[in-house]
Amino acid sequence: MTFQEIGLNADLLKAVTELGFESPTPIQQQTIPLLSAQKTDLVALAQTGTGKTAAFGLPMLSLINCDDKNTQALILAPTRELCVQITNDIKNYSKYLKGFSCTAIYGGARIDGQIKEIKRGVQVIVATPGRLIDMIERRVISLKTVKFVILDEADEMLNMGFKDDLDIILKETPADKNTWLFSATMPREVDRIAKNYMTNPKEITTGKKNEGADNLEHIYYLVQGRDRYLALKRIADYYPEIFGIVFCRTKAETQEVADGLIKDGYSADALHGDLSQSQRDFVMKRFRSRSLQMLVATDVAARGIDVNDVTHVINYNLPEDVENYTHRTGRTARAGKSGIAIAIITPKDTSKIKDIERILKKQFVKKDVPNGLDVCEKQLFNLVHKLHNVEVKDVEIESFLPAIYEELKDLSKEELIKRFISEEFNRFHEYYQNAPDLNIVKGSVDGAFGNGRTTRFFVNMGQMDGFNINSLKDFMSDTAKLHPRMVFNVDVKSSFSFFETESKFVDNFMGINSQDVEFNGRKISLEVSNRKMKDGGGERKSYSGGGERKSYGGSGGGYKGGERKSYGSGGGGYKGGEKREGGFKRPRTGDGGSSSEKSGFSREKSFGGSRDKDKSAGGEKKKSFGKSKF
Ligand code: AMP
């Protein structure tokens with residue numbers, strides 16, 4: 001079926017053809033002929049991504065009288081982002097309609113500019129409920145001439161508490177207008193609106209309720225709750241070209257995850273309701289322009305957002321209900337493209353996966369969180385691919401080449417390739433070589449540590465040396481050149497401590513004894529403890545050194561991460577506050593890249609694929625707003 005066959009007029013046809021729409025989507029096939037031809041109310045159950053904006057936008061435009069400057073249609077949407085998006089879509093569809101104008105009215109932006117637009121006369125207003133009421137109260141907007149009211153994402157508007165606002169607005173509109181309601185779900189409240197404000201509405205459902213796209217793959221990773229963030233970073237590292245949305249449950253969690261990612265050098269930012277409108281605009285602008293690879297968002301903030309070619313939707317936490325899962329994952333696999341929906345779950349979430357599978361009638365694939373080697377391999381080939389495709393600036397580089405060729409003339413092609421690749425590979429290999437397995441393995445001590453065989457150590461350092469659980473964990477892992485997660489079940493006593501590690505790392509720790517490592521001038525000594533954790537402090541009562549150690553207390557030499565002057569392990573010194581949570585630390589724009597950099601060339605575009613060209617990534621993001629065109 002073509003747009004022509006369903007009766008789209010020539011001006012609109014020309015515009016949609018230019019937009020690359022070849023044929024109407026299923027919902028458009030139903031709405032366009034129906035709404036263009038007869039006056040009717042409508043309730044349409046449709047997800048975003050089904051082409052629903054055009055499904056109401058095109059018939060609405062075909063019914064607008066462009067010679068009449070009065071407001072003829074009102075579109076209500078829950079968020080400013082959606083408002084702006086709908087307005088842009090309507091502007092695109094109406095490109096060839098002479099005398100037509102449409103404007104967006106939403107809170108958080110200056111009202112005077114919006115008032116000016118309205119006063120110029122617009123046939124279509126796209127609005128969020130709160131700002132619209134404000135404009136009605138100021139008598140800037142009158143809805144008395146409105147012929148169509150379109151409620152987009154009606155369920156979400158009600159979820160967001162706009163119920164009373166909708167009642168107020170709908171009462172302001174003429175009784176003989178037509179109301180078209182679009183909703184992804186049909187809760188009782190939406191039904192109530194349909195009953196109270198519509199007359200014999202036609203009902204349209206496209207696809208089954210909650211049915212996800214076919215070209216969408218659903219994957220889950222099972223981890224311990226505390227490993228959620230590490231798993232997210234692993235996933236991001238495993239997909240270097242990711243362009244995705246990470247959904248969190250709360251605003252605080254969203255900000256926390258985004259801050260973590262930014263700090264760890266990823267191209268990410270947060271989108272949630274606690275940000276100002278200009279901050280949200282700024283983030284969205286960067287995401288749309290692909291200056292950001294990962295948008296960390298709440299359900300509400302990202303609802304209805306249409307960004308092309310999102311490759312992954314990551315459920316950092318599963319949503320409370322299945323409907324929200326469909327909303328989230330509807331951000332990817334749009335317009336026939338494929339996409340991947342990922343859920344990072346803990347054992348208690350497994351029943352939820354079953355619920356989603358049952359309702360979606362789709363199976364999840366359980367995948368293992370990529371291990372260090374998997375990530376290295378993926379990143380390595382991504383690097384090779386980039387090298388292959390890199391743009392060579394022949395003219396600019398030409399004058400340097402003779403000296404470079406001279407310097408490298410002894411090396412064969414194979415040697416050269418090996419060295420170029422190693423320049424990056426060594427860095428991430430070093431970072432990932434001891435990365436812990438994040439998958440939950442049956443029979444492990446607490447489910448997170450490899451095969452479950454662990455060894456408990458005694459070390460002659462404790463609270464008197466200024467250690468607490470975390471600092472001892474950092475110190476021991478650093479000294480043993482292991483990931484901090486390899487030191488667990490730490491028990492810090494006043495003058496000595498215990499910790500556990502996987503048995504395969506026993507030599508790493510025992511090796512410390514022979515290295516004469518000192519802390520505050522005292523040699524560190526480790527022993528394998530023969531009791532298990534449950535026995536707690538009782539396990540080493542025979543240790544005689546405890547009493548001798550009073551002199552360390554209050555010496556000011558407590559372990560503070562960076563202050564490791566006396567620590568002389570001869571390599572791999574502790575780097576103070578640097579977080580080593582697994583996943584290599586990505587080079588961040590403007591931070592000069594890794595400290596091991598030898599060449600002086602910026603590593604900004606190096607391995608890891610950060611495409612963040614925006615210098616304000618990282619901590620400065622909140623300082624430079626206000627330039628958004630929205
Ligand atoms: P929506 O459900 O309105 O958010 O639309 C989802 C995406 O599909 C948007 O990027 C639209 O531009 C696109 N789209 C809408 N209708 C069509 C169509 N008939 N053919 C191709 N793409 C479409």
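## Basis of the model

Because the model is predicted, local features need pLDDT of at least 70 and side-chain atom pairs count only at pLDDT 80 or more, whereas totals for chains, interfaces and linings use all residues. Residues are numbered from 1 along each chain as its sequence is written, and side-chain values use heavy atoms, with hydrogens and water left out.

## The chain as a whole

The secondary structure comes to 21 helices and 20 strands, taken as DSSP runs numbered from the N terminus (helices H or I of at least four residues, strands E of at least two). Of the 630 residues, 54% count as buried, a term for under 20% relative accessible area, with exposed set at over 50% and partly exposed in between (1.4 Å probe, protein chains only).

The chain exposes about 29,200 Å², of which carbon and sulfur atoms supply 51%; accessible areas come from the Shrake-Rupley method with a 1.4 Å probe, and for residues only the protein chains shown count as cover. Among contacts (heavy atoms within 4.5 Å) between residues at least 6 apart in sequence, 76% join residues at least 24 apart.

## Ligand surroundings

The side chain of T53 places an N or O atom 2.6 Å from a ligand oxygen. Taken alone the ligand exposes 490 Å², and the protein buries 85% of that.

## Aromatic pairs and charges over rings

Rings of Phe, Tyr and Trp (its six-membered ring) pair if their centres lie within 6.5 Å, with planes under 30 degrees apart counted as stacked, over 60 as edge-to-face and the rest as tilted; by this rule there are 16 aromatic pairs. Y238 and Y239 form an edge-to-face pair, 5.3 Å centre to centre with 80° between the planes; Y238 counts as partly exposed at 22% relative accessibility, while Y239 is buried at 14%. F457 and F509 form a tilted pair, at 5.4 Å and 45°, that links strand β15 (residues 454-459) to helix α21 (residues 506-514) across 52 residues, and both F457 and F509 are buried.

Y220, Y325 and F364 form one aromatic cluster. A charge sits over a ring if NZ of Lys or CZ of Arg is within 6 Å of the ring centre and within 35 degrees of the ring normal. The charged end of R290 sits over the ring of F243, 3.9 Å from its centre, and that of K378 sits over the ring of Y238 at 4.0 Å.

## Two helices

T87 lies in helix α4 (residues 80-93) and counts as buried at 4% relative accessibility. The side chain of T87 reaches the backbone oxygen of C83 at 2.6 Å; beyond residues up to four places away in sequence, T87 touches C102, T103, A104 and V126.

Key
Polar contact = N/O pair within 3.5 Å; in protein donor to acceptor, adjacent residues only side chain to side chain.
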